[in-house]
Amino acid sequence: MGDIISKIKKAGLVGRGGAGFFVAKKWDAVKRATGDPSASLGQVRKFVVANAAEGEPGVMKDGCILEHYADRVIDGIKIAIDFLSAEKGYIYLNHAYYKKLNKKLTSLIKDSKIEIFIKPINSGYIGGEESAILNVIEGKRIEPRLKPPFPTTSGLWGCPTLINNAETFYNVSLAAAGRFKNTRFYTISGDCPNEGVFELSDNLTVEKVLKQTKNFPKFPFFVQVGGNVSGEVFNAKQLKRPVAGAGAITVYSQAKNDFKKIVKNWLDFYVSESCGQCAPCREGIYRLRDVFMKEKIDWRLFNDLLDNLSDASFCALGTAAAVPIKSLIKNVYHEKN
Amino acid sequence: MQVAHDNGIFLPSLCYHPDLSVKANCRVCVVEIAGRRNLATACSTKAEAGLEISTDSQRVKRARNLNLELIFAEHIEKCPTCIWRFNCKLLEYAEKYKIEISRFRDRKSKRKTYKFANAVEIDGSQCIDCRNCLDACNSLQKINYLKLKGKGINQEVVPVSEGNGLLNRSAKKADCIYCGQCAVHCPVGAAQEQVQWQLVERALHDKSKIIVAQFAPSIRVSLGEEFGLPPGKIISGQVVATLKQLGFNYVFDVNFGADITTMVEAEELVKRVKQGGSLPMFTSCCPAWVKYIEYYRPDLIPNLTAARSPQMHSAGLIKTYWAEKIKIDAKNIVVVSVMPCTAKKFEASRAELKVQGRWLIDYVITTRELAWLIKKNKIDLAKLKPALADNPLGEFSGAAVIYGASGGVMESALRTAEYLLKTAQDSVCAKAKSNLKICHSRIDFKQVRGLAGVKEAEVDLAGKKLKIAVVNGIGEIQPILENLKKYDYIEVMACPDGCVGGGGQPIPTTKEIIKKRLEALYKIDAGARVRRAHENKEALSALRWLKDKGKLREQVLYTKYRRRK
């Protein structure tokens with residue numbers, strides 16, 4: 001067991017939640033964390049959380065993995081619990097998955113230290129952000145926490161907490177058994193014939209993934225990589241790049257989609273999902289929509305608001321909110337016009 | 001933030017308050033750190049060696065100005081009658097950074113104003129979502145009366161009872177104690193006192209009435225801050241002079257009332273200790289604390305001293321004793337209290353405190369409201385020639401002044417209680433016995449001073465050992481309530497550090513500033529000619545006048561409490 005870190009390192013695992021952080025580094029940080037020195041002199045309480053909130057529209061791989069490989073995911077969580085001598089592990093599960101998979105998961109968990117925590121229906125998009133998850137589990141207001149301190153040193157109830165995506169635990173289980181084959185799960189959706197989740201090699205370019213899954217369009221199109229609301233947008237000439245983030249590719253037909261409508265949908269989404277904590281996101285996105293919906297758009301103000309969003313937001317979701325709009329304008333509509 | 005401040009580098013801030021936890025939500029203190037992708041907020045970033053920080057780069061300017069502009073658009077300006085106007089951060093920053101305030105339309109014009117009794121209100125249309133009020137109410141005071149409803153642009157600070165519906169009505173029970181800590185921590189005046197300055201202004205124009213001002217101990221060490229004087233600058237004389245300038249016919253010092261309170265309370269303490277009354281006895285001069293007991297712990301009502309608070313004692317004597325003295329019908333006297341406090345507004349409106357069917361205090365204004373009136377009338381406070389408060393209700397001892405500090409009421413009462421015990425008297429009015437001259441009672445009880453949250457001591461008063469505790473801020477009350485049996489006498493001030501940190505005090509009020517105000521009060525005490533309440537001859541005369549007044553005496557000196565739901 002002691003060599004799990006070297007196994008993870010050897011497999012070169014990176015987090016599958018979207019940020020792509022090195023798994024070994026995170027595990028090591030939680031292992032070494034001593035918690036709040038004033039709390040107790042005895043054993044430091046630690047926790048493990050598997051994030052299966054999957055709140056990003058257009059990403060479905062965690063559901064798929066839990067449906068087919070729940071035993072692996074749970075094995076991965078158990079490995080983490082043992083490695084850290086953690087008190088408890090949570091599977092943070094969105095409600096739809098819970099309804100579908102509850103029985104199966106419960107029978108697999110049995111009397112281990114793992115517990116299913118259902119993501120509250122009203123917790124929304126932000127309810128999947130890692131520090132917001134901590135607040136949800138603690139029963140606090142659902143919004144991100146100020147970092148630092150990071151969850152690795154001060155997570156659930158102030159104790160060191162390991163939060164990884166469900167797919168990451170799946171990979172850990174494979175790596176521990178020496179069976180990790182450098183694959184990952186891609187979710188493909190949008191204007192394409194073969195929507196779905198595919199397990200393929202983890203170093204493919206966007207173009208290759210589309211081709212191998214027989215989804216490469218014959219019509220003018222662009223793609224969004226990393227999720228339907230936070231992913232970056234690329235045109236057909238920019239597809240020789242790795243699939244970033246949570247491994248999602250959404251195909252947009254240029255004929256079917258209208259610039260104004262796409263941007264408005266994103267803005268509507270963010271206006272209703274912003275937790276309301278910080279000014280750039282709460283106020284900024286609301287005003288972005290206002291400015292955007294006017295007959296004559298004040299582009300300077302619009303761009304300033306976008307830049308402010310990525311520059312000065314409280315959490316990564318605020319920063320991410322600017323990505324699709326900026327890239328859509330730069331890579332698709334700027335090119336066209 | 002702290003490092004920049006200490007080095008004379010200005011950074012704007014709205015949600016940052018040195019006494020509250022860092023929230024970093026307004027994003028106006030952003031700075032650029034070389035090598036980091038995003039801007040960082042200065043309030044939440046630890047200064048480290050080797051960080052290369054720009055506080056005014058192009059990126060910083062853009063983000064800071066835009067965030068300020070976004071926040072301005074949340075705040076419906078009510079400047080003409082807003083008592084914040086002269087020290088409004090929003091106006092200051094708009095000017096400083098030349099920010100356009102009108103690119104966005106106001107979005108909060110339909111927000112509700114929540115009023116808490118007649119003391120405090122939260123006006124949602126002025127709120128900028130910084131959440132300081134929540135921190136003040138829930139973390140600092142631990143009252144948990146405020147909550148955040150909704151998310152995103154719909155979020156709103158509301159009382160906990162709001163929107164729980166029928167099903168949830170019992171979910172969370174809390175009530176406002178009117179301490180005003182939400183107001184004194186609000187950067188934009190969304191949480192503020194329910195102002196009465198307009199009414200006072202009107203009363204000042206009514207020539208058919210005698211209008212009397214009485215001001216609290218701690219005003220004299222804080223009001224100056226509103227006029228550029230350093231915190232803790234003692235300006236008793238200017239306070240009197242400025243009130244006269246505003247048109248008050250008489251100005252009395254609530255210190256006089258405090259000496260009355262001390263004597264009444266010390267007598268009661270001695271009586272309870274000797275005759276075995278309900279112990280521990282609690283002080284009751286803090287109206288927020290009284291409300292706390294009446295709402296949260298009505299079982300402890302018998303433990304509150306029956307003595308009224310200084311402002312009520314003083315006002316009661318103005319409308320009886322003094323009215324008789326100067327031969328004016330009390331109905332022609334208008335009394336205005338100037339208090340560091342928002343809960344005093346509520347106290348003054350308690351019907352059980354009427355005397356002979358008459359309200360004793362007509363209006364209560366805060367330190368901030370007084371400052372606003374002075375500025376509005378363009379009076380240059382610093383240049384006024386100091387004046388003395390009117391007599392006889394202007395006389396006071398050093399013990400009265402320290403009422404403004406946590407521990408001060410306790411210390412004053414102990415000074416007088418020790419005298420009563422040593423001279424074996426029950427009443428301060430009794431004729432001095434022959435052994436009085438050799439009585440050495442102490443003056444300083446240093447164990448009850450200072451900024452600690454709870455101060456405990458055992459004091460020996462003429463052979464009687466009393467266990468005492470001073471609760472410095474209502475947020476510290478829980479451990480004391482759990483161990484009540486340990487104590488004989490407990491002072492509670494709802495605001496951190498007492499009235500010097502009161503909810504009606506100038507903004508900003510921070511620990512650092514409070515400390516200076518405290519030091520000033522103890523300086524006045526140390527330099528006072530008379531330092532024990534029972535040596536205030538004018539106060540003793542007033543008490544003697546009341547002595548054979550039967551029911552009137554009861555009404556002026558004592559009160560009753562009741563359970564509140």
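## Briefing on a predicted two-chain model

In chain A, the C-alpha centres of domain 1 and domain 2 are 26 Å apart. The model is a predicted one.

**Domains of chain A**

- The domain assignment divides chain A into domain 1 (4–176), domain 2 (183–253) and domain 3 (259–336).
- Where domain 1 of chain A meets domain 2 of chain A, domain 1 supplies 12 residues and domain 2 supplies 15 residues.
- On the domain 1 side of this contact, helix α3 (residues 61–84) of chain A gives the most, with 3 residues.
- That side of domain 1 of chain A consists of 5 nonpolar, 3 polar and 4 charged residues.

**Helices α3 and α4 of chain A**

- Helix α3 of chain A also packs with helix α4 (residues 95–109) of chain A, at an angle of about 15° and with 10 Å between the axes.
- Angles under 35 degrees count as roughly parallel, so α3(A) is roughly parallel to α4(A).
- The crossing of α3(A) past α4(A) is right-handed.
- From α3(A), the contact residues are A:Gly63, A:Leu66, A:Glu67, A:Ala70, A:Asp71 and A:Ile74.
- From α4(A), they are A:Tyr97, A:Leu101, A:Lys104, A:Leu105, A:Leu108 and A:Ile109.
- Sorted by class, the contact between α3(A) and α4(A) has 8 nonpolar, 1 polar and 3 charged residues.

**Contact between the chains**

- Chain B places 26 residues in contact with 25 residues of chain A.
- Helix α2 (residues 58–72) of chain B gives the most to the chain B side, with 7 residues.
- The chain B side is made up of 13 nonpolar, 6 polar and 7 charged residues.

**A sheet in chain B**

- An open sheet of 4 strands in chain B has the order β10-β9-β12-β13, with parallel pairing.
- The edge strands are β10 (250–253) and β13 (363–366) of chain B; each has a single partner strand, so one side of each lacks a neighbour in the sheet.
- From one strand to the next, the twist averages 25°.
- Strands β9 (residues 210–215) and β12 (residues 333–339) of chain B pair in the parallel sense over 6 bridges.
- B:Gln214 is positioned opposite B:Ser337 of β12(B).
- Packed on the sheet, helix α6 (residues 197–205) of chain B touches β9, β12 and β13 of chain B, and its direction makes about 120° with that of β13(B).
- Helix α10 (residues 310–326) of chain B lies across β9, β10 and β12 of chain B and runs at about 160° to β12(B).

Notes
Residues numbered from 1 in each chain as written. Chains lettered and ligands numbered in written order. Predicted model: local features only at pLDDT ≥ 70, side-chain atom pairs only at ≥ 80, totals over all residues. Domains from an automatic or database assignment. Contact = placed C-beta atoms within 7 Å. Helix = DSSP H or I, 4+ residues; strand = E, 2+ residues; numbered from the N terminus. Nonpolar A, V, L, I, M, F, W, Y, C, P; charged D, E, K, R; others polar. Pairing = 2+ DSSP bridges. Axes fitted to C-alpha atoms, helices over the stretch in contact; angles between N-to-C directions. Parallel < 35°, antiparallel > 145°, perpendicular 65-115°, else oblique. Left-handed = near helix turned anticlockwise from the far one by under 90°.
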